[in-house]
Amino acid sequence: MEEIKSAGFDILNKQLSPFMQFENQHRVRFYGPHLTYFKYRRLVHHIFGDSINLLFLSSAYKEQKFRLWSVLDITNYKEYKVEQPQYDLNVAMTQIKNISETEAVNYIKFTKIKETCPIISYLYNDQTFIRLSPFYIDVISKDSSVIEWIKREFEREYAQDFDNDEVITEEEWYGE
């Protein structure tokens, strides 16, 4: 089984939200619409610099007009078939390597305004990832100073009501 790891977490094969599987000093959550384009840009720049990859759930978007090419210059991609035994299905995930900071910010903006966009997406590098979903934007990092900076710089925007949630593993969640 292939893996794509970021912050020591296999973002390709895990199904449970990674946010619930990390301690508070390694995670921060935003409600989707609470950041502006310029704040996304600042966040992406601080976290990634020029080392950004994208992974998204692509199964349902082959037939729809997602028009990803309108925000990304797609030159280096790979598709993975991922088995999800808890749900008895297989899905396709697509990885695009080495996207620019501008493309990453435009992708976030694009997914927030489009109705036909991937349900789950990850912008990531080795140390940190941003997980985009319809309701939340989660940032997970091995480097706790990244999370400290985000919580200080975006104190009014981040969802502080999740700071006290307990950590649970995927095995505990599924009763394995």
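Strands are runs of at least two residues that DSSP assigns as E, and they are numbered from the N terminus. By this rule Leu123 lies in strand 7, which covers residues 121-124. The model examined here is predicted.

The protein contains four helices and nine strands. Read from the N terminus, the order of these elements is β-β-β-α-β-β-β-α-β-β-β-α-α. Of the 176 residues in the protein, 49% are buried. The accessible surface of the protein amounts to about 9700 Å², and carbon and sulfur atoms account for 47% of this area. Among contacts between residues at least 6 apart in sequence, 72% join residues at least 24 apart.

Leu123 illustrates the buried part of the protein. Its relative accessible area is 0%, so Leu123 counts as buried, the cut-off being under 20%. When residues up to four places away in sequence are not counted, the contacts of Leu123 include Phe48, Ile52, Leu54, Ile99, Ile108 and Phe129. Asn53 and Thr128 are also among the residues that Leu123 touches. The C-alpha atom of Leu123 is separated by 9.1 Å from that of Val44, a residue 79 places away along the chain.

Helix 3 also has buried residues, namely Val146, Ile147, Trp149, Ile150 and Lys151. An α-helix has 3.6 residues a turn, so residues three or four places apart point the same way. The cover over the buried residues of helix 3 includes strand 3, helix 1 (37-48) and strand 9.

Eleven aromatic pairs are present in the structure. In one of them, the rings of Phe19 and Phe162 have centres 6.0 Å apart and planes at 85 degrees, so this pair is edge-to-face. Phe19 is in the loop between strand 2 (9-10) and strand 3 (27-31), while Phe162 is in the loop between helix 3 (144-153) and helix 4 (170-173), so the pair ties together parts that are 143 residues apart in sequence. Both Phe19 and Phe162 are buried. Phe162 also pairs with Tyr136, again edge-to-face, with 5.3 Å from centre to centre and 80 degrees between the planes. Tyr136 belongs to strand 9 (residues 136-141) and Phe162 to the loop between helix 3 and helix 4, so this pair ties together parts that are 26 residues apart in sequence. Tyr136 is partly exposed, at 26% relative accessibility, whereas Phe162 is buried, at 12%. Elsewhere, ring pairs join Phe9, Phe22, Tyr122 and Phe129 into a cluster.

Seven salt bridges were found in the structure. One of them joins Asp138 and Arg29, whose closest N and O atoms are 2.6 Å apart. Asp138 is part of strand 9 and Arg29 is part of strand 3, so the pair ties together parts that are 109 residues apart in sequence. Asp138 and Arg29 are both buried. The charged end of Arg29 also sits over the ring of Phe19, 4.1 Å from the centre of that ring.

A salt bridge is likewise formed by the side chains of Arg42 and Glu153, with an N to O distance of 2.1 Å. This pair links distant parts of the chain, since Arg42 is in helix 1 and Glu153 in helix 3, 111 residues apart. Arg42 is partly exposed, with 38% relative accessibility, and Glu153 is partly exposed, with 32%. The charged end of Arg42 sits over the ring of Phe154, 5.5 Å from the ring centre. Another salt bridge connects the side chains of Lys81 and Glu79, at 3.2 Å from N to O. Lys81 is exposed, at 65% relative accessible area, and Glu79 is partly exposed, at 32%.

On the surface, Trp69, Ile74 and Tyr77 make up a nonpolar patch with about 390 Å² of accessible area together. Ile74 is located in the loop between strand 4 (52-57) and strand 5 (77-84), and its relative accessible area of 33% makes it partly exposed.

Two residues were noted for their backbone angles. Most residues other than glycine have a negative phi. Ala7, which is not a glycine, has a positive phi of about 55 degrees. Ala7 is placed in the loop between strand 1 (5-6) and strand 2 and is buried, with a relative accessible area of 6%. Asn98 is not a glycine either, and has a positive phi of about 60 degrees. Asn98 lies in strand 6 (residues 89-99) and counts as exposed, at 60% relative accessibility.

Note on methods:
Residues are numbered from 1 along each chain as its sequence is written. This is a predicted model: local features need pLDDT of at least 70, side-chain atom pairs count only at pLDDT 80 or more; totals for chains, interfaces and linings use all residues. Side-chain values use heavy atoms; hydrogens and water are left out. Rings of Phe, Tyr and Trp (its six-membered ring) pair if their centres lie within 6.5 Å; planes under 30 degrees apart count as stacked, over 60 as edge-to-face and the rest as tilted. Buried means under 20% relative accessible area, exposed over 50%, partly exposed in between (1.4 Å probe, protein chains only). A charge sits over a ring if NZ of Lys or CZ of Arg is within 6 Å of the ring centre and within 35 degrees of the ring normal. Contact means heavy atoms within 4.5 Å. Patches are made of residues with over 30% relative accessible area and no salt bridge: like charges are joined within 9 Å, nonpolar side chains (Val, Leu, Ile, Met, Phe, Trp, Tyr) within 5 Å. Accessible areas come from the Shrake-Rupley method with a 1.4 Å probe; for residues, only the protein chains shown count as cover. A salt bridge is a side-chain nitrogen of Lys or Arg within 4 Å of a carboxyl oxygen of Asp or Glu.
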